[in-house]
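Please keep the sequence and the 3D view at hand while reading the points below.

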Amino acid sequence: MVQLTALTHEVLSAILKTIDEGIHVVNTEGKTIFYNEVAARHDGMDVKEVQGKHLLDAFPSLTPNSSTLLRVIKTGKPIYNQTQVYVNMHGKQIDTINTTLPIFLDKEIIGAVEIAKDYSRIKQLAESLLDLQRNVNKNTKKKTSKKVKYTLHDLKSVNPAFLSTKDEAGRLAKSDSPILVYGESGTGKELFVQGIHHASFRGDGPFIAQNCAAIPETLLESILFGTAKGSYTGAVERKGLFELADGGTLFLDELHTMPIELQAKLLRVLEDGMVRRVGSSQNISVDVRVIAAMNVHPNTALQSQKLRSDLYYRLNVFTFSLLPIRERKEDILFLTNYFIELFNKTLNKRIHGVEQRVEAFFLNHPWPGNVRELKHTIEYMMNICDDEILQLKDLPIMMKQQAAGIENSENNLSLRRNVEELENQLIDTALKQSAGNINQAAKLLEIPRQTLQYKIKKLRE
């Protein structure tokens, strides 16, 4: 067997120790030849307890088949993003996501390296949230109160197109067909979806919301569909979100971040209303209305292959597009006044509105964060304002700088000064395009060569 030289091993160890990931290297015999501190923290071990020992001695719950390192040594093929659950020699259960690669030297395999990410805490948190949600559902089953905070009435607007969208949502809420909602961040997608659930026949049923981007890919499947006992080491019988939402609505936000393989399983549930827990062969019938939302345009998601076309067409029974606030100008000042009244009550203030310069700035601001950004802006201004109306000086610092820049440009209306600045810019551009050739630059500017020379001379004085 080809061996690493002492110098090579020393250099390799020094490099690997600087990496902020769990690194575990074994030779072809399965003995650990490198194991860094990060990996030791993940595994609840001391480096000395693993270094130089056979893998199965340090982690007795693993077998030649379940160990990704030993499998890679055997097959010579890499394994990417593989979930591994095992117990260390102290009896502690460890959950990691591993990428395991064979190490070749002159076409001969000499070992394997594993890069591991610990997601035990994330998994515990996700499972705790599921348990909490299940307990909440149990405790509220006998109650007739709604499970959502918002109704469609809470979507404030005077924009005709937006009001029409609200009316249509209210009519279609009675259907059980899936819905797809598209809107930029901050347009109120979850509030809109809660309003639909409230207006539906499922309004007294559970409303479960899950952001698909907030959970690691390897956990999302078990979160959605649940787990069967023994599906992996330490797994217990656990309901997923589909079962928890039975009789109600499941809202899946940022659908386009869901792995393509998982989208196929979601499509099957939409088609036949049956879920199968991870590790189980039994199908469970669920009665759930699925509403999905995206903050990128569906066509963009389809073209970039982040959304399956068959899933899109299944969800696209009813589609709603929530306009960004910059496209409904009348709502900017309407919502400004609405939020002022709201914060007057919560902050015990008596602000009567905004000055004209603030109105003008608000109407021209692009509001990339939409209604959420407007609300937070008003909240900030209300907290620091000591006058009866909100003024430019009360704006958040970044907006204050933008407003000052706009005012300076608007106040500079000198025709002669602006014409001179434009002329200088054109001359500079022409000289750059002609690589400093006066004749060519003069032709580009369509002026005599002598005139250009005179103007350049004035610029340099």
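In this predicted model, 5 strands form an open sheet in the order β7-β8-β11-β6-β12, and their pairing is parallel. At its edges lie β7 (207–211) and β12 (318–322), each of which pairs on one side only. From one strand to the next, the twist averages 15°.

**The chain as a whole**

- The protein chain contains 20 helices and 14 strands, and 42% of its 461 residues count as buried.
- When contacts between residues at least 6 apart in sequence are considered, 64% of them join residues at least 24 apart.

**How the strands of the sheet pair**

- Strands of a sheet pair through backbone hydrogen bonds, and the pairing can be parallel or antiparallel.
- Strand β7 pairs with β8 (residues 249–253) in the parallel sense over 5 bridges, and Ala209 has Phe251 of β8 as its bridge partner.
- On the way along the sheet order, β8 pairs with β11 in the parallel sense over 4 bridges, where Leu252 stands opposite Ala292 of β11.
- Strands β6 and β11 run parallel and are joined by 4 bridges, with Ala292 in β11 as the bridge partner of Leu180.
- Strand β6 also pairs with β12, again in the parallel sense, over 5 bridges, and here Leu180 stands opposite Thr319 in β12.

**Which way the side chains of the strands point**

- In a regular strand the side chains alternate between the two faces of the sheet.
- In β8, 5 of the 5 residues are buried, so this strand is largely enclosed by the rest of the structure.
- Both faces of β8 are covered, with Thr249, Phe251 and Asp253 buried on one side and Leu250 and Leu252 buried on the other.
- Strand β6 is likewise mostly covered, since 5 of its 5 residues are buried.
- From β6, the residues Ile179, Val181 and Gly183 point one way while Leu180 and Tyr182 point the other way, and all of them are buried.

- Of the 11 residues of α8, 8 are buried, so the helix is largely enclosed by the rest of the structure.
- Those buried residues of α8 are Lys189, Leu191, Phe192, Val193, Gln194, Gly195, Ile196 and His197, and they pack against α7 as well as against β6, β7, β8, β11 and β12.

- If residues up to four places away in sequence are not counted, Ile332 touches Ile325, Phe362, Leu363, Trp367 and Leu374.
- Ile332 and Asn370 are 38 residues apart along the chain, and their C-alpha atoms are separated by 9.5 Å.

**Cavities**

- Rolling a probe the size of a water molecule over the atoms shows where empty space is left.
- The structure holds 2 cavities of 30 Å³ or more, and the largest cavity contains about 140 Å³ of space.
- This largest cavity is lined by 16 residues, and those closest to its centre are His24, Asp43, Gln84, Tyr86 and Glu114.
- Several elements supply at least two residues each to the lining of the largest cavity, namely the strands β1 (22–27), β3 (79–87) and β5 (108–118) and the helices α2 (37–43) and α5 (68–75).
- By residue type, the lining of the largest cavity divides into 8 nonpolar, 6 polar and 2 charged residues.

Terms used: Residues are numbered from 1 along each chain as its sequence is written. This is a predicted model: local features need pLDDT of at least 70, side-chain atom pairs count only at pLDDT 80 or more; totals for chains, interfaces and linings use all residues. Side-chain values use heavy atoms; hydrogens and water are left out. On a 1 Å grid over the protein atoms alone, a cavity is a set of points where a 1.4 Å probe fits but cannot get out, and a pocket is an open set with protein on both sides within 12 Å along at least five of seven lines; lining residues have an atom within 4 Å of a point. Grid points are joined across faces, edges and corners, and a volume is the space filled by probe spheres set on the points. Ala, Val, Leu, Ile, Met, Phe, Trp, Tyr, Cys and Pro count as nonpolar, Asp, Glu, Lys and Arg as charged, and the others, Gly among them, as polar. Two strands pair if DSSP finds at least two bridges between them. Axes are lines fitted to C-alpha atoms, for helices over the stretch in contact, and angles run from 0 to 180 degrees between N-to-C directions. Buried means under 20% relative accessible area, exposed over 50%, partly exposed in between (1.4 Å probe, protein chains only). Contact means heavy atoms within 4.5 Å.
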